[in-house]
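Please find below a colleague's note on the structure shown here. It is set out as numbered points, to be read alongside the coordinates.

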Amino acid sequence: MTHPTVSDVVRACDALWPPEYAESWDTVGLAVGDPTAEVRRILVALDPVDADLDEAIAGGYDFLLTHHPLLLRGVTSVHAGTLKGGAVHALVRAGVAAFNAHTNADSAVGGVSDALADVLDLQDRRPLVGTPGAPEGTGLGRVTTVPAGASATVLSVARTLAAELPPTITGVRIAGDPEAPVSTVAVLGGAGDSLFDAVRASGAEVYVTSDLRHHPATEARDTAARGNGTPHLIDISHWAAESLWLEPAADALSAALDANGFDVGIEVSRTVSDAWTVRIDQGTERTDFTGGAGRE
Ligand SMILES: [Zn+2]
């Protein structure tokens with residue numbers, strides 16, 4: 001068996017996570033690399049941050065597949081003294097190609113959204129926002145339902161996430177009523193505060209997403225309170241939520257390259273690129289802060 005080239009790996013990735021399903025604002029594909037270069041080892045990671053670049057370079061990998069883009073916006077310089085320029089120089093010097101599948105991997109069947117929904121093991125999955133022109137089931141986020149006869153609450157969903165997600169300092173947080181019953185759950189890996197309208201339209205009682213900022217979260221809860229109280233919110237680590245995709249992505253890419261007769265090693269990064277590293281707890285464990293900010 002022969003080793004694939006960078007362009008062979010790109011072709012396999014594009015078949016798994018078609019770039020045409022990426023959002024219009026997004027950047028996906030090959031950012032750094034020689035299409036004709038041989039690839040013996042691939043590293044799959046969430047972020048093209050320095051720790052992951054160092055892991056790829058020091059580990060002797062030829063191809064770094066990440067979820068998030070190295071270069072999201074247009075660049076006019078890759079001057080090595082800049083953050084991104086320095087990364088490009090380091091990759092080129094080491095002969096490591098950098099490729100990413102971002103919102104196209106979020107949307108794909110079996111992609112980032114499905115990897116997160118899999119943790120909750122619920123039924124009747126559909127996209128929160130379907131991708132126009134894409135096969136059924138493709139789109140951002142997932143809406144999924146609790147089986148008839150089973151009971152779930154906001155707290156039980158949060159506890160399942162806490163048990164199944166890779167541990168992070170920020171843990172799992174709830175906005176709303178922990179004891180509220182749940183029959184429909186909306187999930188979105190990554191920053192989900194732009195999709196509240198779709199979540200409300202889905203009828204989900206709870207919305208699981210990441211990076212919920214103060215104003216969108218408080219306004220979403222006020223909007224909920226003026227209606228039937230839903231959706232309650234569960235905020236999880238962006239890194240933890242999306243890193244669930246890394247193993248299935250590596251498996252899918254490995255199977256695709258193997259089916260094409262290529263010999264290549266694929267490994268998942270061990271780097272934790274969650275930004276937060278320390279938390280100072282402020283008192284006894286509580287699951288309901290609705291009584292106000294006072295200490296017990
Ligand atoms: Zn993300």
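Predicted model: local features only at pLDDT ≥ 70, side-chain atom pairs only at ≥ 80, totals over all residues.

1. The zinc ion is coordinated through NE2 of His68, NE2 of His238 and two OE atoms of Glu242, at 2.0 to 2.7 Å. Along the chain, these donors follow the spacing H-x169-H-x3-E. His238 and Glu242 both belong to helix α9, where they are four residues apart and therefore separated by about one helical turn. Glu242 is buried, its relative accessible area being 2%, which lies under the 20% limit for that class.

2. The geometry of the zinc site deserves a separate remark. The angles subtended by the four donor atoms run from 54 to 135 degrees, so the arrangement is irregular. For a tetrahedral assignment, all angles would have to lie between 85 and 135 degrees. Ideal angles for four tetrahedral donors at a metal are 109.5 degrees.

3. The second largest pocket has a volume of about 410 Å³. Two or more lining residues come from each of α4 (103-107), α5 (112-120), β6 (139-145), β8 (184-191) and α9 (238-243). The most is given by β8, with four residues. In total the lining comprises 21 residues, and those nearest the centre of the pocket are Trp25, His102, Thr103, Asp106 and Ala191. By class, nine are polar, eight nonpolar and four charged.

4. One cavity of 30 Å³ or more is found in a search of the whole structure. The volume of this largest cavity is about 40 Å³. Strands β1 (29-32), β3 (63-66) and β4 (97-100) each give two or more residues to its lining, and the largest share, three residues, is that of β4. The lining consists of Gly29, Ala31, Pro48, Leu64, Thr66, Leu70, Ala98, Phe99 and Asn100. Six of these residues are nonpolar, three are polar and none is charged.

5. Ala58 is placed in helix α2 (residues 50-58). Ala58 is exposed, with a relative accessible area of 72%, over the 50% cut-off for that class. Between Ala58 and Ser7 the C-alpha to C-alpha distance is 23 Å, with a sequence separation of 51 residues.

Definitions and conventions:
Residues numbered from 1 in each chain as written. Heavy atoms only, no water. 1 Å grid on protein atoms, 1.4 Å probe; cavity = no way out; pocket = protein on both sides within 12 Å on 5 of 7 lines; lining within 4 Å. Points joined across faces, edges and corners; volume = space filled by probe spheres on them. Nonpolar A, V, L, I, M, F, W, Y, C, P; charged D, E, K, R; others polar. Donors = N, O, S within 2.8 Å, 3.2 Å for Na, K, Ca; no water. Tetrahedral: all angles 85-135°; square planar, octahedral: opposite > 155°, others 65-115°. Buried < 20%, exposed > 50% of the residue type's maximum accessible area, 1.4 Å probe, protein only.
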